[in-house]
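Subject: Structure handover and findings

Dear colleague,

Please find the structure below, together with its sequence.

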Amino acid sequence: MRDKVVKSMQSFSKAMIGPVLFLPVVGMMIALTAIMTNTAFVSEGGLMWTVGKFFNSMLNSIMGNLSILFCVGIANGMAKKKKADASFVALMSYIMFLGANSKWLELSGKIVEGATAGALYGTGQTIQLGFHVTDMGVFLGMIIGVLVALVHNKHCDTEFKGGFAPYGNSKLVYMIMIPVIAVLSIGVTYVWPGVANGISALTGFMSTAGALGVFVYGFLNRFLIPTGLHHLIWSPFLYSAVGGQAVIGGENVVGAKPIFLALLSDPAAGMMPDTSRFLTYGLMKTFGIIGVALAFYVTAKKVKKANLKAQMIPATLTAVIAGITEPLEFTFIFAAPLLWLVYSILDGFFQMVVYLIGVRVCATNGILDFLVLNLSAEPYGRCMCWLALWRSL
């Protein structure tokens, strides 16, 4: 039994490698477009800015649809034969889920108002390929991909005689997936929001628990990335009253990030307020991720160092420049879940230390945003921010 479980996990891990290997390439190109569209270096509306915006939108569509890519990739990787058929059935099953889940949300009266994924941030729902569905992150694609592979491996060679002959093989796999997807699409409507509500309940604790709250905030914000539920962690703090409220320049400003941005142009501002503690989750992926990559390289077998370097360098640059960590994180997140737990704990601990020593910076993305936002602070605030950051390093 143990050997069977281990073999299944190894099969799943190998299937994950296919989609993951493409992410560093996509991430590097997104990082390049981030430089091309940064108004600190180029003029908005100019040729370079326009080209950068065009390619940024094109490439971000990949990062925004990782779920379906993992669905097809896992089904293909885990299929023992007829891999093309397995991939096609996986794609159809994924689309069926979107249609079924969207319709069930509507019929059951559980649909949340919002026409875009941005408008639905923090609600547990999202817009996926035009469908209003339960937000399960990449887990949706993983679950469907595995289910398709299991059914495919068992029934892809099943044949019928006579009038039922056209419904054998992969067509039978597809027909079996129809009721499976129907049950899954209805089930997650009730199960997944419960998980999301539990996460939301933690926001009250994190906003009042000081350093411990910062640790929990940092840990969950990293740990929940594969589920897509990390949006329920950071979005309330960044853009709602949960993250703070202040009167700046005679205007009522709500949310940790709007407060920070408003104070940048306020001549009366000194040290940034305590609400900035919710804006430092990007420090780990901007600076800490370098250590992660080095650890992989140092501990790798000598014969594999060259190949690993070719993968780690672009993935690390993607994280540091653009704040997109998935290309590096997805190389180990599912192959070594315990390592992901340790990684998340370290992230939470680092943010807590940053808070305790008085760092008050906005670091939600990569190094470009970090420099532009914090260098634009008024002299006193800027000096204090950089002094605190130097102390943290």
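V342 counts as partly exposed because its relative accessibility is 40%, where partly exposed lies between buried (under 20% relative accessible area) and exposed (over 50%), with a 1.4 Å probe and protein chains only. This is a predicted model, in which local features need pLDDT of at least 70 and side-chain atom pairs count only at pLDDT 80 or more, while totals for chains, interfaces and linings use all residues. Residues are numbered from 1 along each chain as its sequence is written, and side-chain values use heavy atoms, leaving out hydrogens and water.

V342 lies in helix 14; helices (H or I, at least four residues) and strands (E, at least two) are DSSP runs numbered from the N terminus. Together with F223, L338, L339, L341, I345 and L346, V342 forms a nonpolar patch on the surface, with about 580 Å² of accessible area in total. Helix 14 (residues 337-356) supplies the largest share of the patch, 6 residues.

Helix 14 also holds Q351, which counts as buried because its relative accessibility is 1%. Beyond its neighbours within four places in sequence, Q351 is in contact (heavy atoms within 4.5 Å) with V214, Y217, G218, T280 and Y281.

The largest nonpolar core has 42 residues, of which Y94, F97, L140, I144, V148 and Y217 touch the most other members; a core is a set of buried Ala, Val, Leu, Ile, Met, Phe, Trp, Tyr and Cys residues joined through side-chain atoms within 4.5 Å. Helix 7 gives the most to this core, with 7 residues. Leaving aside neighbours within four places in sequence, V148 is in contact with A75, A86, V89, A90, S93, V173 and M177. A second, separate core of 39 residues includes V292, L328, F332 and V354.

As for the whole protein, there are 16 helices and 4 strands. Buried residues make up 46% of the 393 residues. The accessible surface comes to about 18900 Å², 69% of it belonging to carbon and sulfur atoms, as computed by the Shrake-Rupley method with a 1.4 Å probe; for residues, only the protein chains shown count as cover.

Yours sincerely

How values were computed. Patch = residues over 30% accessible without salt bridge, like charges linked within 9 Å, V, L, I, M, F, W, Y side chains within 5 Å. Salt bridge = Lys/Arg side-chain N within 4 Å of Asp/Glu carboxyl O.
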